[in-house]
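The entries follow the order in which I looked things up.

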Amino acid sequence: MTTDPPNSRLAAFLLAEAGDCIAAGRPGHALQLLAKSYTLNPGGPAFRPLADACRLLGRWEQLASFCARQQRLQPDDPWPWFHLAAYHLQHQRFLAATVPLREALRRDPTLPEPWVELGNLWKRLGEVQRAIVCYRQALKAAPGCVAAQDNLLFSLLFSDRVTPEQIAQAHREWGRRWLGEGVPPQLLPGARLRVGYLSPDLREHSVASFLEPLLRHHDRQRFEIVCYQCNQEEDAVTARLKGYADRWRSIAHLSDDAAEAIIRQDRLQLLVELAGHTADNRLRLLARRPAPLQVTWLGYPHATGLDAIGYRLSDAIADPPATADHLESERLLRLPPPFLCYQPPADSPEPGPPPAARTGQVTFGCFNRIDKASPATLALWRELLAQAPTAILALKSEVFADPAATERFITRSGLPADRLRLLERTPDRSSHLALYNRIDIALDTFPYNGTTTTCEALWMGVPVITLAGGHHAARVGKTLLEAVGLGDLVADTAEGYLHRAAALTQDLNGLTQLRQRLRATMESSLLCDAERFTRNMEDAYRSMMASLSA
């Protein structure tokens with residue numbers, strides 16, 4: 001009879017102890033145990049949890065050292081290559097991070113995790129079609145991979161190669177997996193309508209900029225508010241939002257079973273989902289129908305595909321009745337425009353004069369995510385710069401901290417390098433907003449428009465040119481601009497987009513005057529009228545509940 005060597009038995013014991021420490025919320029001690037287990041049994045099963053612990057605690061140099069050792073000991077193991085990509089990303093080497101992920105997949109192309117991470121990386125670099133291919137490969141390897149499903153659906157919204165009908169069909173096909181998943185509880189009447197808000201973004205996040213005015217202005221005599229936070233990250237915004245809720249539930253650490261039990265115990269009448277297929281969503285929890293009526297709003301610019309969600313809230317500008325309803329899995333309930341309300345940051349810098357008034361050189365700018373700059377968008381920007389030969393274009397992205405990624409973007413975009421001003425991520429929101437004082441005219445992206453960035457530009461006095469398309473994500477810019485009385489900056493064609501941008505460049509005096517009055521105009525506009533918007537939302541809630549009770 002053979003027995004395991006003493007070192008192997010001790011390594012296994014330490015590995016088990018580390019698991020208990022992780023479960024008990026002691027990752028630091030778990031890391032020590034895992035490191036000792038790996039030392040006792042090099043190349044053994046401790047590597048993967050050890051790498052996870054290093055990433056959780058931000059021990060990046062340790063992670064790189066363990067990955068290098070595992071590569072020597074187990075040359076065919078894909079996991080050290082997978083984790084090495086995270087080390088590169090931490091050091092803002094975005095393009096370099098693609099190399100270890102490809103090495104991981106060369107060793108095992110059936111693993112979904114490297115495919116998903118590679119897709120995420122290509123998307124961050126703005127190469128959406130490459131990302132879509134990766135997500136589909138992940139689903140080919142593992143059809144039930146949740147991360148691949150959500151990322152694929154979300155990425156389709158960024159692509160200029162798929163039609164609105166194709167996007168809608170993909171969401172419906174996803175939703176068919178969850179048909180009949182749960183039975184809703186009985187609708188119980190009460191003196192106040194009990195409304196729940198479910199989101200991973202109840203913190204410093206764009207979603208909070210639109211949710212907070214609603215929570216703050218709810219009629220608390222008629223509505224009881226319960227918030228469900230699906231993210232463990234908390235900050236000063238979280239603390240503020242907690243003050244608006246009657247009850248606050250942190251469910252990020254809970255399984256769907258446990259979270260469902262809590263929501264059913266709260267006896268909601270209406271549950272509002274705020275994430276769609278974005279990160280840390282709990283759509284699969286909603287498939288269990290823990291509330292009698294479930295609604296999606298704000299956080300995702302498309303139908304979710306989930307049959308358990310009864311309504312999506314929008315307006316007739318973003319979702320015209322004649323063209324939008326056939327794309328929906330949920331029933332559209334259209335609010336009086338706009339379908340959202342913006343809360344400007346309290347620490348906003350003051351708008352400065354347009355830089356062209358000083359230099360005579362117009363600066364266009366776009367601070368949207370670089371993955372929203374589709375090939376069609378880039379082509380239009382190239383044409384715009386060709387028509388305005390002295391103008392420059394300012395773009396902002398985290399990937400511009402990486403010289404290799406920056407060079408790749410310039411080459412791929414075809415934009416003239418000498419007329420680009422590529423800005424990196426700023427440390428805080430105030431410094432981000434101050435960058436708008438460096439641009440004269442903001443350019444929206446398509447087919448996925450900006451939302452928060454458009455509001456920020458307008459708040460800083462910068463007019464925005466947008467191109468309205470055929471589905472919600474491509475029409476948000478139109479909703480926002482019409483809400484502040486700037487509907488003349490909305491184009492229906494590429495030629496109209498170019499014409500509107502050119503017209504602004506030829507009237508620097510008018511641009512200066514617009515800059516001076518735009519913040520005050522926005523403050524008094526429908527876009528910032530929180531009281532009106534909240535009453536509209538509350539009317540919509542009562543209307544939906546009445547139809548459910550009928």
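Predicted model: local features only at pLDDT ≥ 70, side-chain atom pairs only at ≥ 80, totals over all residues.

**Entry 1. The seven-stranded sheet.** I traced an open sheet of 7 strands and wrote down its order as β3-β2-β1-β4-β5-β6-β7, with parallel pairing. I then asked which strands stand at the edges. They are β3 (247-250) and β7 (331-335); each has a single partner strand, so one side of each is left without a neighbour in the sheet. On average, neighbouring strands of this sheet are turned by 25° against each other, direction ignored.

Next I looked at one pair within this sheet. Strand β1 (residues 193-199) pairs with strand β4 (residues 270-273) in the parallel sense, over 4 bridges. Across this pair, I found Y197 opposite V272 in β4.

I also looked for what α11 touches in the sheet. Helix α11 packs on the sheet and touches β1 and β2 (223-229). The direction of α11 makes about 165° with that of β1.

**Entry 2. Helix α11 against helix α24.** Two packed helices are described by the angle between their axes and the distance between the axes, so I looked up both values. The axes of α11 (residues 206-217) and α24 (residues 530-549) come within 9 Å and cross at roughly 80°.

By class, the residues of the contact of α11 with α24 divide into 6 nonpolar, 2 polar and 4 charged.

**Entry 3. The six-stranded sheet.** I traced a further open sheet, in which 6 strands follow the order β10-β9-β8-β11-β12-β13 with parallel pairing. Its edge strands are β10 (420-423) and β13 (490-491), each of which pairs on one side only.

The bridge partner of L393 is L420 in β10. I also followed helix α17 (residues 375-387), which lies across β8 (363-366), β9 and β11 (441-443). Helix α17 runs at about 150° to β9.

**Entry 4. Cis peptide bonds.** I recorded a cis peptide bond between P337 and P338, with omega about 0°. P338 is found in the loop between β7 and α16 (355-359). A cis peptide bond also joins F446 and P447, where omega is about 10°. P447 has its place in the loop between β11 and α20 (452-459).

Entry 5. Q92 is not a glycine, yet has a positive phi of about 60°. I placed Q92 in the loop between α5 (79-90) and α6 (98-107). L298, a residue other than glycine, has a positive phi near 80°. L298 lies in the loop between β5 (293-296) and β6 (311-315).

Is L298 buried or exposed? With a relative accessible area of 17%, L298 is buried, because the cut-off for buried is under 20%. Q92, at 39% relative accessibility, counts as partly exposed.

How values were computed. Residues numbered from 1 in each chain as written. Heavy atoms only, no water. Axes fitted to C-alpha atoms, helices over the stretch in contact; angles between N-to-C directions. Helix = DSSP H or I, 4+ residues; strand = E, 2+ residues; numbered from the N terminus. Nonpolar A, V, L, I, M, F, W, Y, C, P; charged D, E, K, R; others polar. Pairing = 2+ DSSP bridges. Contact = heavy atoms within 4.5 Å. Buried < 20%, exposed > 50% of the residue type's maximum accessible area, 1.4 Å probe, protein only.
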